[in-house]
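Take a moment to look at the model and follow its strands with your eye. The paragraphs below go through it part by part.

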Amino acid sequence: MKIALYGNGSSGNHGCEAIARGTISLLGADANTYRIQSENPAEDRKYGLEELAQISPAKSERKKDFRFAIAYAKLKLAKDYVDMDGLSYLHGSQESGSWADIALSVGGDNYCYGSTGIYAYLNRVYKKQGAKTVLWGCSIEPDVVSQKSVAEDLARYDLIVARESITYGAVKPVQKNSILVPDPAFFMEPKACSLDDRLCNGNVVGINISPMIISNEKASGMAYENYKQLIRYILSETNATIALVPHVVWSSNDDRTVLRQLYDDFDRDPRLVLVEDHTAPELKYIISQCSFFVGARTHATIAAYSSCVPTLVVGYSVKARGIARDLFGTEDGYVLPVQDMQQPQQLTEAFCTLFGKRQYIHACLTETLKAYCDPLPAIRAITELSK
């Protein structure tokens, strides 16, 4: 069986890296089984994915043939840019589609961000080449599923694997061959790395903030101010060390930019540790050493959840709500939507509530994850699809 992974960003977003690694860990087999259609092959090699899979460029130069002319006409006459964008992916998708038995669209929340036309385009290209297509580890807002064009696209996949129950409930009526399996990153193993001595005392609060979460706030500056108040509270009211943990380091969307600002705002207090960039498994190991975690990036919080670390999520979409609901039975108290931040103390208040229950939450995760991280449904579905 040959499996292509496409539609994912490159590993400077360590969530993308975690999805790829977790997928390969979940499904098994050797590196010859997998091909990753990479947005940035050099970046994926930098973080070690070539040890697990073939790495091929997702994009190539657009040939100015009849397809270019048709795509250009659609762009100019109908303002439809999907085919023009798709031409960059056409050669790589055709090549991988003819190589693969199964093609996994592994972007996770690609259908959460407005335009979904390019993913419908890629779905059609892979199927035309003979590969069976799977929307893998996805989250989709239910109102997006209700759009006719999206519903038709989802129905064309041979299998949909939803990573939380809100999405599963939305896609099941559209594609009957849908299953519910945790995000692949739950199955990625941590890798030990050297730690700052201050992170080895068993009393560490991990904190992650991202430009993405700030861009989704309703009240300008409120997300950052909430994080500042939280750090101020932890420094004054507890004796915990604070680990500032980045999970995306793309130049256009770099967590370290905001984390460094927080670090400087507190005059580089010795109880603040600014964690440097690492691979996804190493970041998971660092997060696993925390006694509590506050995170904005989904896969930073998944690293915490899957390590049984009590976690408060600063969320903005269905994925945060759905994952928390599946783990705890409710998202209330476990997820603070950034859109709801109207007062600067809200994050601190939510933290205090959960921090007081951290032993209970740790025990809850320890028990829940035994059944939650069952790989068999995914393995069976992919095995059946390969027949």
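**Sheets, crossover and pocket**

F293 stands opposite T311, a residue of strand β14. The model that shows this is a predicted one. The two strands concerned are β13, residues 292-295, and β14, residues 311-315; they run parallel and are joined by 3 bridges. Helix α13, residues 298-305, packs on the sheet and touches both β13 and β14. The direction of α13 makes about 165° with that of β14.

What is the order of the strands in the open sheet? The 6 strands come in the order β12-β9-β8-β13-β14-β15, with parallel pairing. At the edges are β12 (272-274) and β15 (335-337), each of which pairs on one side only. From one strand to the next, the twist averages 15°. In a regular strand, side chains alternate between the two faces of the sheet.

Another parallel pair is made by β2 (residues 34-38) and β3 (residues 54-57), with 4 bridges between them. Here I36 stands opposite I55 of β3. Between the two strands the chain passes through helix α2, residues 41-46, and this β-α-β crossover is right-handed.

Now turn to the largest pocket. Its space is about 660 Å³. The pocket is lined by 35 residues, and those closest to its centre are N13, C16, G107, D109 and N110. Elements that give two or more residues to the lining are α1 (14-27), α4 (82-99), α5 (117-128), α9 (211-215) and α13. Which element gives the largest share of the lining? That is α5, with 4 residues. By type, the lining residues divide into 16 nonpolar, 14 polar and 5 charged.

Definitions and conventions: Residues numbered from 1 in each chain as written. Predicted model: local features only at pLDDT ≥ 70, side-chain atom pairs only at ≥ 80, totals over all residues. Heavy atoms only, no water. Pairing = 2+ DSSP bridges. Axes fitted to C-alpha atoms, helices over the stretch in contact; angles between N-to-C directions. Contact = heavy atoms within 4.5 Å. Right-handed = clockwise from strand over helix to strand, strands pointing away. 1 Å grid on protein atoms, 1.4 Å probe; cavity = no way out; pocket = protein on both sides within 12 Å on 5 of 7 lines; lining within 4 Å. Points joined across faces, edges and corners; volume = space filled by probe spheres on them. Nonpolar A, V, L, I, M, F, W, Y, C, P; charged D, E, K, R; others polar.
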